[in-house]
Amino acid sequence: MSEDQEKKMEDKKQKEIKITPIKQGTVIDHIRKGRAMKVLKILDLIDRDIESIVSVAMNVNSSMGKKDIVKVEGMELKNEEIDKISLIAPEATVNIVRDFEVVKKHRVGLPDKARGILKCRNQNCISNQDEPVISEFEVVAKDPVTLRCEYCERKMKGEEISENVI
Ligand code: CTP
Ligand code: ZN
């Protein structure tokens, strides 16, 4: 093989390695195609001052079609954070990695209720006044995820949900 051909093979190999395994941290896998940025937002990984390396892969081929993946190195997500993901990416799985091995795999299930994690978009809602009221939404539809405020009954879905993460 000529040097040129060898270089081409090497380039091809590099391209096939799409996203490197991590040593320790969290892998959010099977995110519905196009939702990776919303996952970053709902987890506050964009503006928060964190040390972790965050990598995002979009449009990755999988047996179930295309998917997105988010990897956060050195950080293990708490259950409360995993709950948030299910509201915008209900098919995602959350893998906790230690020493290169997946030690825990959570299949995020859509909760019946979302308590204290979203802000109602009705400014006059009692949950938006200076009252000791914790916001609460009931999940009234799964596809697309639709939530209804327990206090004022205002509904929200799609973008509104990710925009109103507390
Ligand atoms: N992963 C990683 N770093 C590791 C181990 C795993 O980034 N050290 C990633 C894998 O690339 C995959 C996800 O974590 O995206 C889950 O890993 P694993 O459970 O080994 O993969 P699958 O068995 O394919 O998972 P599933 O059945 O959930 O599709
Ligand atoms: Zn409300």
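A nonpolar core is here a set of buried Ala, Val, Leu, Ile, Met, Phe, Trp, Tyr and Cys residues joined through C-beta atoms within 7 Å, a residue being buried if 20 or more other C-beta atoms lie within 10 Å of its own, with C-beta atoms placed from the backbone. The structure is a predicted model, in which local features need pLDDT of at least 70 and side-chain atom pairs count only at pLDDT 80 or more, whereas totals for chains, interfaces and linings use all residues. Residues are numbered from 1 along each chain as its sequence is written, and chains are lettered from A and ligands numbered from 1 in the order in which they are written.

The predictor's confidence in each residue is expressed as pLDDT, from 0 to 100. For the protein chain the mean pLDDT is 88, with 93% of residues at 70 or more. Among the helices (DSSP runs of H or I, at least four residues) and strands (runs of E, at least two), numbered from the N terminus, confidence is lowest in helix 1 (residues 3-16), with a mean of 66, and highest in strand 4, at 97. Where pLDDT is low, the predicted coordinates should not be read in detail.

The largest nonpolar core comprises 29 residues, and Ile28, Ile31, Val39 and Ile85 have the most contacts inside it. At least two residues of this core come from each of strand 1, helix 2 (36-42), strand 3, helix 3 (79-88), strand 4 and strand 8 (145-149). Helix 3 provides the largest share, four residues. Two domains, whose bounds come from an automatic or database domain assignment, each contribute at least three core residues: domain 1 (20-107) and domain 2 (113-163). Beyond its neighbours within four places in sequence, Ile31 is in contact (C-beta atoms, placed from the backbone, within 7 Å) with Ala36, Val39, Lys67, Asp68, Ile69, Val70, Ala89 and Ala92.

The centres of domain 1 and domain 2, taken over C-alpha atoms, are 24 Å apart. Seven residues of domain 1 and five residues of domain 2 take part in the contact. On the domain 1 side, helix 2 and helix 3 each supply at least two residues.

Ligand 1 is surrounded by residues whose C-beta atom, placed from the backbone, lies within 6 Å of it: Pro21, Ile22, Val27, Asp29, Ile69, Lys71, Thr93, Asn95, Val97, Phe100, Val102 and Lys105. Strand 1 (25-32), strand 3 (65-73), strand 4 (93-98) and strand 5 (101-107) each supply at least two residues of this shell, and strand 4 gives the largest share, three residues.

Technical notes: Buried ≥ 20, exposed ≤ 12 C-beta atoms within 10 Å, placed from the backbone. Contact = placed C-beta atoms within 7 Å.
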